[in-house]
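Let's take a friendly walk through this fold, with the sequence and the 3D view side by side. Please keep both open as you read.

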Amino acid sequence: MSTTSSSADRPDSDQASLPRAEFGFPGPLRDRLVGAIRDGTKTATTSLAAEYAAEDAPLPGVGDRSVVVDSDGRPVAVIEVTGVRVVPLGAVDLAHALAEGNADVAEWRAAHERFWHGDGMRAALGDPGFTVDDTTGVVLERFRVVADPRAVPGS
């Protein structure tokens, strides 16, 4: 899950105060996701509503900005949320799957179920038997890259 906070009135140069956006867990998956964000093939993400509940965190809002970090915690992009929907897992549509860089909904769902049913996510949720089904609430975020923090001196 990536955490964000409202930053509509914060200048882009104040990236140090932006929250971190962490896609997946550090390692090969995060590296692939970050690469897809940077090359523009990934303009959406999906989180479990249960992640927000477990962290007692607010849902993202349109205009929220965050700094995407790679597996080493280095900032690699600043993104801005352009849309948020909460839907049952069974209602995720092709447009969202494509925006995440998947070929179709079946591929998107299989990849997400592997991640959500993995030990890392189950540990993060504090539920070793956690599973999803068509009724599980998911948070669908659309975003756009607005800056490359590596281009800012001192970043």
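## Where helix H4 begins

At the start of H4, the backbone nitrogen of Ala106 has a side-chain oxygen of Asp104 within 3.2 Å. Helices (H or I, at least four residues) and strands (E, at least two) are DSSP runs, numbered from the N terminus.

A word on the model: it is predicted, local features need pLDDT of at least 70, side-chain atom pairs count only at pLDDT 80 or more, and totals for chains, interfaces and linings use all residues. Residues are numbered from 1 along each chain as its sequence is written, and side-chain values use heavy atoms, with hydrogens and water left out.

## The two sides of H4

H4 has 12 residues, which should span 16 Å at 1.5 Å a residue, and its end C-alpha atoms agree, being 16 Å apart. The expected span here is 1.5 Å times one less than the number of residues.

Which residues of H4 are buried? They are Trp108, His112 and Trp116, where buried means under 20% relative accessible area, exposed over 50% and partly exposed in between (1.4 Å probe, protein chains only). Seen down the helix axis, these buried residues fall within an arc of 55 degrees, so they line one face of H4; the arc is that of the directions from the helix axis to the C-beta atoms. On the face turned away from the buried side sit the exposed residues Ala106 and Arg114. The buried residues pack against strand S2 (44-48), helix H2 (49-55), H3, H5 and S5, with contact meaning heavy atoms within 4.5 Å.

Beyond four places away in sequence, Trp116 touches several residues, among them Leu48, Leu89, Trp108, Met121, Phe130 and Val138.

## Glu100, a buried loop residue

Glu100 is found in the loop between helix H3 (94-99) and helix H4 (105-116). Its relative accessibility is 9%, so Glu100 counts as buried. The Glu100 side chain makes polar contacts with the side chains of Thr46 (2.4 Å) and His96 (3.0 Å). A polar contact is a pair of N or O atoms within 3.5 Å; within protein, one must be able to donate a hydrogen and the other to accept it, and residues adjacent in sequence count only if both atoms are side-chain atoms. Leaving aside residues up to four places away in sequence, Glu100 also touches others, including Trp108 and His112.

## The sheet and strand S3

Five strands form an open sheet in the order S1-S3-S4-S5-S2, with mixed pairing. S1 and S2 are the edge strands, each pairing on one side only. Two strands pair if DSSP finds at least two bridges between them.

Strand S3 (residues 65-69) is mostly covered, with five of its five residues buried: Arg65, Val67 and Val69 on one side, Ser66 and Val68 on the other. Strand S1 (residues 20-21) runs parallel to S3 and is joined to it by two bridges, with Ala21 partnering Val68. S3 pairs with strand S4 (residues 75-88) in the antiparallel sense over five bridges, and Ser66 has Ile79 as its bridge partner in S4. In the hairpin of S3 and S4, which has five residues between the strands, Gly73 takes a positive phi near 80 degrees.
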